[in-house]
Amino acid sequence: MMRDDGGTAAVTTLVMLPLLLIVLVGVLELGALRAVAYRATAAADLATIVAVGDQDQAELVRTGTLRLAPDAVDTARDYFARNLSATAPVLAASAEEIAALADVASFPTAPSIDPRTGARYDRPTVRLIASVPVRTPGFAALLLPAVTTLTIRSASSPR
Amino acid sequence: MATLETTLMVVILVPLLFAILEFGWLTQRWLAQDGVTLQAARYAGELGGDRPELRSYVQDQLRLVGIEPSRVSIEVEPAYVAWRQPVRVSLRTDERIAIPFVFATTITVRSTAVARGEVSR
């Protein structure tokens, strides 16, 4: 018995191609989302580092101890917005709005316990937690949410 | 028939494979360059702006992550930063990507980071 297999591959491809495209779009969108998450986390890290890098000079001169500047929270928020703006095209809100809504806390004395995360800080610390809404058109094409919200956390202490 | 099918498969699957490879490679380069930019911004804040030490540091870091420094343009604004003033470091590279049967183009990879001047003059 001879069987004619002509066209089998073409039919299989036609059937599998939509599935392949769905997987491809999903993978690309996840990859892009991961890159944005990395960038947003780096922005938060740099913001908190900048905030703790500036010490209360009067306290340092008076007691010789490192103590956060009084405006550390504002500084962290400001520099988070500045660094986040590099990813502005993919964000579903402006960098300034995201930074304004971020939960930024200063723990000027140590040791202290973060009431939100339960973390213990043995040095003065600035902590930032932000929800970053990211446009995900690839997910939308797959009938998933068009905006995915990433939660970013960062905490820095001076050395 | 088999030849026709193979041709169709090659035309679809080869570009797909190259697209995955090329964009993966591009993302890796972008993230690596981004990491260098962040560190460079911090260092620019410590140095007080655009100094030869900063340029040297960036070149060393780029080499460590596998990027040829001569292909990267570096901008530091302002060149001289005062205490508590923002300093922006931007790195830019033109990367060539080629996907067989589809296109070949140059994509500009930009990374920017903003830190704060830490030098009280």
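## A tour of chains B and A

Start by selecting Phe101(B) in this predicted model: Phe101(B) has a positive phi near 70 degrees and belongs to the hairpin of β2(B) and β3(B), where three residues lie between the strands.

β2(B) and β3(B), the latter covering residues 103-116, run antiparallel and are joined by 14 bridges. To see one facing pair, pick Val89(B) and look across to Ala113(B) in β3(B).

Select Val72(B) here, and you will find Thr93(B) of β2(B) opposite.

Zoom out to the whole of chain B. Its elements comprise two helices and three strands, in the order α-α-β-β-β from the N terminus. Chain B is more spread out than a compact globule, because its radius of gyration is 20 Å, well over the 14 Å that the globule rule gives for 121 residues. Along the principal axes, the C-alpha atoms of chain B fill a box of roughly 80 × 20 × 15 Å. Of the 121 residues in chain B, 36% are buried.

For the last stop, move to chain A and select residues 8-53, helix α1(A). This helix has 46 residues and spans 66 Å from first C-alpha to last, close to the 68 Å expected. Where does α1(A) bend by about 40 degrees? Click on Met16(A) to find the bend, then look for the proline Pro18(A), which follows within four residues.

Definitions and conventions: Residues numbered from 1 in each chain as written. Chains lettered and ligands numbered in written order. Predicted model: local features only at pLDDT ≥ 70, side-chain atom pairs only at ≥ 80, totals over all residues. Heavy atoms only, no water. Expected span 1.5 Å × (residues − 1). Bend = angle between axes of the 7 residues up to and from the residue. Rg over C-alpha atoms; globule rule 2.2 N^0.38 Å. Buried < 20%, exposed > 50% of the residue type's maximum accessible area, 1.4 Å probe, protein only. Pairing = 2+ DSSP bridges.
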